[in-house]
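Biologist: I have a chain open on my screen and would like to go through it slowly. Can we start with the terms and then look at single residues?

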Amino acid sequence: MNPPVETLQQTIKVEDDRTGLSLETLKRAIADNLFYIQGKYPAIATKNDFYMALAYTVRDRLLQRWLNTTETYLKSKVKVVCYLSAEFLMGPHLSNNLVNLGIYDQVRRAVEESGLDFVELREQEEEPGLGNGGLGRLAACYMDSLASLEIPAIGYGIRYEFGIFDQEIRDGWQIEITDKWLRYGNPWEIERPEASIDVKFGGYTQAYNDENGHYRVRWIPDIIVKGVPYDTPILGYKVNTANTLRLWKAEAPESFEFEAFNVGDYYGAVNEKVVAENITKVLYPNDEPIQGKQLRLQQQYFFVSCSLQDMIRLHLHRQDSLDNFHESFAVQLNDTHPAIGVAELMRLLVDEHQIDWDRAWQITQNTFAYTNHTLLPEALEKWPLSLFGRLLPRHLQIIYEINQRFLGQVRAKYPDDHQRIARLSLIDESGEKYIRMAHLASVGSHAINGVAALHTKLLQQDVLRDFYELWPEKFTNKTNGVTPRRWIVVSNPKLAELINRKIGTNWIKHLEELKQLEAFVEDAEFRQQWRQIKQDIKRDLAEYVKKNHAIDINPQSLFDVQVKRIHEYKRQHLNALYIITLYNQIKQNPNIDVVPRTFIFGGKAAPGYFMAKLIIKLINSVAQVVNNDPDVRERLKVVFLPDYNVRFGQRVYPAADLSEQISTAGKEASGTGNMKFSMNGALTIGTLDGANIEIREEVGAENFFLFGLTTPEVYALKAKGYNPWDYYHANSQLKTVIDLISSGFFSHGDTNLFRPLVDSLLYHDQYMLFADYQSYVDCQEQVNQAYRDEEKWTRMSILNAVRMGKFSSDRAIREYCQEIWNAQPVNVEMQEYVQPKP
Ligand code: GL2
């Protein structure tokens, strides 16, 4: 069909080779991109060149949707959700885009008919590791769901030049290697220098009266940094909607310092450029005390200011006044990292757009909503007042003003309750003064949410209790979810196939529909197929481990997997204590009948987190001994797989039989790995923590291996005075395990190596491993018994997967839309001359 030839814009007809989906067109497009974009002939092309040619071929096929989507939003007054997040852990784009476009099979064939190895090319993609773990990955799942539900949305974040470090293991220790993900270019992003934005830092403020005699403040910064947006399309599943992930890169404004400011000082000017560009150089690993890291505050302010200025520009493009800004945008603060946005929006509205304070404050509160992601006190962000004032002098004044007005309200409600006032204040004045970012976010938002039912309850009772008493109506729970597109369809195509054969493909957008499969639980043939798939994937993983790490693992054994960041509260070392317990049992009785198990670990430790790194060393040291002891006879295997990332997650979740979710109750806000495992038919051994509780409710208590103290029990035991030493002495099995570590058995006789870990357990045990040890060991025995009964295990596995409907990120996003954002789906019409919906 021909385009209507009415306007110049419409006459730019999109070429067939860039949209066509026939095998011939696809093959030609790959060859064409190889030549014209990579500048290579097939004979001299690298695998990466072919991958790039393929990626551009796919990108071409989603550009029309992307442009139409953006145009639709610009033309109408629809509300746009802006997800502000310092982290977006997107994972590889290629497969996901192929699935969402509905062209996976065609493209695969086209690649193969071009004489190329599809899987090999797919593996060339560098994953953008722009996040630490759950929080960043959640943002990525939410972007997928927003687009799939056709909700107008922009993800705003930082384009780190170096994402999360690559992990290598040497001599059992973690080594960090710089992540050079941009080394060969990134075919999924488009730079938009024309949309750059200036961000100010430092300097001082000046009060003045404007022409109407109104008191105003202007900010005279000492440096200006330019934010350059890089846009990546985020396509929904089989819809026309392709939203935008807009990541900001910091640059020095060119002419600025060279001409006016640094005449004659060429090297000084270049240095300023370096300073500016440092802002988006590297992702900060979490789990480290964040205090005093000026660069981190610069990063946060930088991306938030760029994003809010961008929104204001878009808003003013669509309408004349900022008075209804909050009807144009719903801005979600993904944790407190973007919380400075509250003060920045006030500054933009009051100082730069002359809106009066009260109205600006209404707009601000109606715009923002805040998600809290952690209860750990050490992770609650606070900035030293002095540092903050130096970098953002105007924002400090604004925060004082917000605080004064806010505390006025508090005083009116609780006169003379000075302690409460001090507790609620945006400024912590107990010692050195700090700005409490969670308080700024709470005061400046109309909604505050936790990420699982228990977490929200604990926020209300504990971390944000005073705010809850003040504004109970602001609090809501939004249990996390994950996208079934990436976490089932892309990562477990065989399982998806089987499900499609039984109930069609509707479940991919309506995960609750998996429930229909319960009807097949008693179907022996179905169970056999289910088992076979798990078996095949386990074999694939075994081959992968053999090929990449030269370790033999037995695909018939129980695959027991714990993959997540390494942290004491997540208790990877509790798992290690169990492994040593099993090992001791075998050593005592070499003919004991144990269920063969492969313990698979993966995860990164923050580079400065000594204890977490020692836990990695412990796991590897135990692996060395256990894997090489002839008495074990291959019944136990322990592997720590280096460099756990999204791509490896996609491989390991489908291969797991058992999912370890063993954090101390009350510590894991939600967890999302727990959902991915269960969706892929793994059973969970877990505590009543985070979303585990809701997973257990959904899949049924009889299909979940529960152990350990509950949160109230943890609190009670702490209050009573917990003494790990008592548990050590009362439990001979535990004592033997600890003594074996202390004796140097796993460290070539070195009795010092693991002492910090052992001492921390014996004398503090902050995360109560010893209190939960026996319960965990007993529960693992139940796992063994269940695994011996193959049919029973399969039934449990099926019921786990098919009852996971609640944990789709689509459900979570629907709740956010209805209860927090007031955002509606918008249909994106395709122009006539482009391909129809797949
Ligand atoms: C986390 C929580 O620790 C984790 O339990 C939760 O699932 C995710 C997403 O809500 O957020 N908070 C946090 O700072 N990180 C997380 O993974 N890094």
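Modeller: Buried means under 20% relative accessible area, exposed means over 50%, and partly exposed is in between, with a 1.4 Å probe and protein chains only as cover. At 0% relative accessibility, phenylalanine 559 counts as buried by that rule.

Biologist: What kind of model is this, and how are residues numbered?

Modeller: This is a predicted model, where local features need pLDDT of at least 70, side-chain atom pairs count only at pLDDT 80 or more, and totals for chains, interfaces and linings use all residues. Residues are numbered from 1 along each chain as its sequence is written, and side-chain values use heavy atoms, with hydrogens and water left out.

Biologist: Back to phenylalanine 559. Where is its place?

Modeller: Phenylalanine 559 is in strand 18 (residues 558–563). Helices (H or I, at least four residues) and strands (E, at least two) are DSSP runs, numbered from the N terminus.

Biologist: Which residues does phenylalanine 559 touch?

Modeller: Not counting residues up to four places away in sequence, phenylalanine 559 touches a list of residues including Lys538, Leu541, Thr598, Ile600 and Leu658. Contact means heavy atoms within 4.5 Å.

Biologist: And how far apart are phenylalanine 559 and tyrosine 763?

Modeller: They are 204 residues apart in sequence, and 33 Å apart in space, C-alpha to C-alpha.

Biologist: Let's zoom out. How many helices and strands are there in the chain?

Modeller: The chain has 34 helices and 23 strands. Buried residues make up 61% of its 838 residues.

Biologist: What is the radius of gyration of the chain, and what would a compact globule have?

Modeller: The chain has 28 Å, which agrees with the value near 28 Å for a compact globule with 838 residues. The radius is taken over C-alpha atoms, and the globule rule is 2.2 Å times the number of residues to the power 0.38. Along the principal axes, the C-alpha atoms fill a box of roughly 90 × 75 × 55 Å.

Biologist: What share of contacts comes from residues 24 or more positions apart?

Modeller: Such residues account for 76% of the contacts in the chain with a separation of 6 or more.

Biologist: Now rings. How many aromatic pairs are there?

Modeller: The rule first: rings of Phe, Tyr and Trp (its six-membered ring) pair if their centres lie within 6.5 Å, and planes under 30 degrees apart count as stacked, over 60 as edge-to-face and the rest as tilted. By this rule the count is 30 aromatic pairs. One of them is phenylalanine 526 with tryptophan 530, a tilted pair at 5.8 Å centre to centre with 45 degrees between the planes.

Biologist: Where do phenylalanine 526 and tryptophan 530 lie?

Modeller: Both are in helix 22 (residues 524–549), four residues apart, about one turn of the helix. An α-helix has 3.6 residues a turn, so residues three or four places apart point the same way. Phenylalanine 526 is buried with a relative accessible area of 0%, and tryptophan 530 is buried with 5%.

Biologist: What about tyrosine 578 and phenylalanine 599?

Modeller: Those two form an edge-to-face pair, 6.2 Å centre to centre and 65 degrees between the planes. The pair links distant parts of the chain, with tyrosine 578 in helix 23 (residues 572–588) and phenylalanine 599 in strand 19 (residues 597–602), 21 residues apart. Both residues are buried.

Biologist: Which residues form an aromatic cluster?

Modeller: Tyr83, Tyr142, Tyr816 and Trp821 form one.

Biologist: New topic: helix 12. How many of its residues are buried?

Modeller: Eleven of the twelve residues in helix 12 (residues 341–352) are buried, and the helix is mostly covered. The buried ones include Glu344, Arg347 and Asp351. Just after helix 12, glutamine 354 takes a positive phi of about 55 degrees.
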